[in-house]
Amino acid sequence: MRAARRGVVAGIVSAFVSTGVAAQQKPAAGQPTQLQVSLAEAVRRALDVQPAMVRARGDATNAGWQKRGAVGAFLPKVLFSSSAFRQNTESNVNGFLASAGKYQFNTGLSASVDLFTGFRRLANYRNADATQDAADAEVVNQRYLVSAATAQFFYTSLANEELVRVAEAQLERAKEELQISVNKFQAGAATRSDTLTATVDLGNARLALLQGQANLATAQANLARQIGVDGVVRAMPDSQLPPVPDTTELRTVALRQAPAVMQAAASERATAATLWSNRSQYFPTLTASYNTSSQGLNEPWQGFDGGNRNLNRLSFALSWTLFDGFLRERTDAQSSVDLDNARAQTADTRRQLGADLTQQLAAMSTAFAKIEITGANVVAAAEARRVTQERYRLGAGTLLDLLTAQANQTQAEVNQVQARYDYLIARAQVEALAGHPL
């Protein structure tokens, strides 16, 4: 009976060990090679396809044309017109008798320019200039935000890939421990409870590996979407870990030159210019215009002399709205409120930037310190598991001690992976907030 039990246990162990490798994901035959990208390549692709970046570049283009339009408001408007017609009866054209069926021509050229608009054009130019500055700052800001988001997806993919390797190592150790418990049980030095407990630990290790592989597939799919690729993309790791940057002047420079702050300040200037543009309605408007026209029987390409009548006119027009039912006052009040809101938004953006920098700098420093600590923990936990495993093999320790040591080593390896990529992600966030590489 005892031998039969040992045979059953050995069969269970053999089934678990033989199917453990089959549970791991393998690429099917005939599938295309998985795309591999470096961080620089991933960022470049993301900047080309991310909607936020495309929208920011479009806003910058529109702002550039808005500024050109503001400059064009200082230039005269020129209009040319020409028409031809004929009638089936005789008609009189400026005193000339035109016979039936003969063509008659009208040609004109006019130009007009605003001489004074109550400083509206100057305010509109300042608004357009500030809007372009805000759009340019938005492009820079989105570039760093997209880069930081891409780096987070990239490092998350790398972290999950390393966690899969940790889970694979955990599975191999669980197989080894199960085999040791079976050997001891067959030798009469362990109980059946040890083999069953080790079997459960092996099953948990397989579940952890399956979950790690699922997390890796999700992370690679998210990275692919971020860089505009269908399917999944594998992140190529960088062998070098960048050191902690010098952040002595980082906060001062960021509060003054960070893209988010510059964008908010430019939007505030644009709102202030809009206020002065609306106040131009309290001033008169002076416009000059010149018009020359020709009407008669000569075609325009033959000149305007002979049978044509020419008219030249220079005029000046002055308009001044004295009262419009308080519409100007209402617009002025709304613009003043918008300016107060813009000023408050600029100040809050600086405060928010300072708070975010404090958070990310602390996270970066903490994660970098954790890298050294977790590295030492991995070495100590691996040695503790080795010693505990040997003690259990010799009968001086229990399976519970071995499983505890195994769990401690696995957790130490997981903590080491998380610390390394928490540092890299926090570093990328700091770069995005500061608006320049560290």
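Two strands count as paired if DSSP finds at least two bridges between them. Helices (H or I, at least four residues) and strands (E, at least two) are DSSP runs, numbered from the N terminus.

What we have here is a predicted model, where local features need pLDDT of at least 70, side-chain atom pairs count only at pLDDT 80 or more, and totals for chains, interfaces and linings use all residues. Residues are numbered from 1 along each chain as its sequence is written, and side-chain values use heavy atoms, without hydrogens and water.

The sheet, then. It is open, with four strands in the order β2-β5-β7-β8 and antiparallel pairing. β2 (77–86) and β8 (308–319) are the edge strands, each pairing on one side only. Between β2 and β5 (residues 103–116), which run antiparallel, there are 10 bridges. One place to look is S81, whose bridge partner in β5 is G108.

Now the helices. α4 covers residues 120–186, which is 67 residues. From first C-alpha to last, α4 reaches 96 Å, close to the expected 99 Å; the expected span is 1.5 Å times one less than the number of residues. Just after α4, G188 has a positive phi of about 80°.

How does α4 pack with α5 (residues 192–226)? The angle is about 165° and the axes are 8 Å apart, with axes being lines fitted to C-alpha atoms over the stretch in contact, and angles running from 0 to 180 degrees between N-to-C directions. That angle makes α4 roughly antiparallel to α5 (under 35 degrees is roughly parallel, over 145 roughly antiparallel, 65 to 115 roughly perpendicular, the rest oblique).
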